Amino acid sequence: MHKPTTIFKSVVEQLQSESFHTEYRAETNYFCRKRKLTLITVLIALINRLNKSLNVEISKFLRNFCDGAFATKQSFSKARYKLKPEAFIELNDTFIKAYYACGTHRLYAGRYLVLGVDGSCYELPWTEDIVEEFGFTNNPMMTHPRAMAQGLKIWDLLNEVSVAARMDRYKESETSMFDRLWPVATGMLRGCQSAKLLFVGDAYYPGLGRMLEMAEGGVDFVMRCDTRFCREVVDFLASGRSESILRIDLLSDHRRRWRLRTRGIKSPPSHLVVRAVRLEMRDGTVGCALSSVTTDELDEEQVRDVYSLRYGEEVSFYVEKFRAQCENFATKKAIGIYQEWYANILSLNMTQVLVEEAQRELDAEQEKNPKKHRYKINKSAAVGMVKDEMPKLLFGKEDIEQFSKRMIGIIYRFKEPVRPDRSLPRKAKHWIKYNMNQRPVL
């Protein structure tokens, strides 16, 4: 069976199951009567994104997919708050399990599933309920307060899907969010695929306790650390070598022992053995990557290449915020923020499956007819194309396989050449309100 067909079938079956409806309505007496705005209708409307005026979005949505029914924006707002935001997390988990169970996902060096993590701040509407739930930030003069939230994603760096994601208070640290989310993501992945996990983290994530836990849990890692991370790293960088094996002492330093105890590690080994690789940054500065991967598994250049993959997650936040407009919330309540944010994660994952299949067809075509540049599917265009198309799949108005093939055919047409190492200075001659290169796709 076609990969998108298999994945979408799992999501649709979960969406239509009676147990799903029972578990994710806020009260047992919600969504019991036959109404225009059923649980499925509200959920699919949120997955389809509410970027325009609610009157426009709801009217067009019901007219196109619910046999011309009509409902006011007030009735939709009342109905949506009867739905638990965890419904979208459950659907995304179903998507991820089906995605990796297909076994066609990309692996680095044929054996590593490469996972990155990063967080970003999201600007929210300013209401009392939202500020109380998520918190706010302000400038030093306290004249421009903004409601903000912290979001974190565990991202598949090669396959470009969000394995797990969570939103929390603005002041919540990324590392504490990661420590709670990582066991959930790895437990789910180990149940649906067999490749070894390779974690890639930026300088915010390395820690002796975290590296020790990953090594003991059978997870390999590549983490960039601060040049003053520990005395062993300082000595390595001062030596001028490109790579070295470091034996980091865990017991003789009372500060290290205290940090390990705060993570619940009461009986650590005497040393943590890691591999250090020198990183040369584009701005001429020198960095260091610490890894548990041996030289036999990945050579020096491959370690650098793996670390460079994490830039893809930075791009994913750009797509979320500026192309999919995930900060364009249509709610004044905290529960609505959770709903729309998690629905956006699911929608982008489902779009990525179609992009991936279209890219596979494009790669096969380029092998037969090579061109000067490699071409890549325009994901921003794909995000716009699936708008008002995904409900046809989720409502069952179009056969799943037929929908997949039709959408892949549409997305295939939008491709752009990839020009490697292309970095041109940007000279803005005039300021304009609407940028010609960044027009909305929704």
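This is a predicted model: local features need pLDDT of at least 70, side-chain atom pairs count only at pLDDT 80 or more; totals for chains, interfaces and linings use all residues.
Good morning. I begin with helix H5, residues 73-80, whose buried residues are Phe76, Ala79 and Arg80. Buried means under 20% relative accessible area, exposed means over 50%, and partly exposed lies in between, with a 1.4 Å probe and protein chains only. Helices (H or I, at least four residues) and strands (E, at least two) are DSSP runs, numbered from the N terminus.

Seen down the axis of H5, the buried residues fall within an arc of 95°, so they line one face of the helix. That arc is the one formed by the directions from the helix axis to the C-beta atoms. On the other side of H5, Gln74 and Lys78 are exposed. The cover over the buried residues of H5 includes helix H3 (39-47), helix H4 (54-65) and H14. Contact here means heavy atoms within 4.5 Å. As background, an α-helix has 3.6 residues a turn, so residues three or four places apart point the same way.

Residues are numbered from 1 along each chain as its sequence is written, and side-chain values use heavy atoms, with hydrogens and water left out.

In H12, residues 300-308, the buried residues are Glu300, Val303, Arg304, Val306 and Tyr307. Viewed down the axis of H12, they fall within an arc of 160°, so they line one face of the helix. Their cover includes five strands: E1 (112-124), E5 (196-201), E6 (220-225), E7 (243-249) and E8 (271-280). What caps the N-terminal end of H12? Asp299 does, with a side-chain oxygen 3.2 Å from the backbone nitrogen of Glu301.

Let me turn to the chain as a whole. The protein chain has 17 helices and 11 strands. Its radius of gyration is 24 Å, close to the 22 Å that the globule rule gives for 442 residues, so the chain is as compact as a globular protein of that length. The radius is taken over C-alpha atoms, and the rule is 2.2 Å times the number of residues to the power 0.38. Along the principal axes, the C-alpha atoms fill a box of roughly 70 × 55 × 50 Å. Of the 442 residues, 52% count as buried. Among contacts between residues at least 6 apart in sequence, 71% join residues at least 24 apart.

Next comes the interior. In soluble globular proteins, nonpolar side chains tend to be buried together. A nonpolar core is a set of buried Ala, Val, Leu, Ile, Met, Phe, Trp, Tyr and Cys residues joined through side-chain atoms within 4.5 Å. The largest such core has 119 residues, and those with the most contacts inside it are Phe95, Phe199 and Leu394. Helix H14, residues 334-368, gives the largest share of this core, 14 residues. Apart from it lies another core, of 18 residues, including Val114, Leu198, Val200 and Val222. Leaving aside neighbours within four places in sequence, the contacts of Phe199 include Leu115, Val117, Phe178 and Trp182.

Ser120 has its place in strand E1, and Lys321 is found in helix H13, residues 311-323. Is Ser120 buried or exposed? Ser120 is buried, with a relative accessible area of 13%. Lys321, at 17% relative accessibility, counts as buried. Their side chains are joined by a polar contact of 2.6 Å. A polar contact is a pair of N or O atoms within 3.5 Å; within protein, one must be able to donate a hydrogen and the other to accept it, and residues adjacent in sequence count only if both atoms are side-chain atoms. Beyond four places in sequence, Ser120 touches Ala149, Gln150, Gly151, Phe317 and Lys321.

Finally, consider Thr175 in helix H8, residues 174-190. Thr175 is buried, at 18% relative accessible area, and its side chain makes a polar contact of 3.3 Å with the side chain of Ser173. Among the residues that Thr175 touches beyond four places in sequence is Arg210. Arg210 belongs to helix H9, residues 208-216, and is buried with a relative accessible area of 8%. Thank you for your attention.
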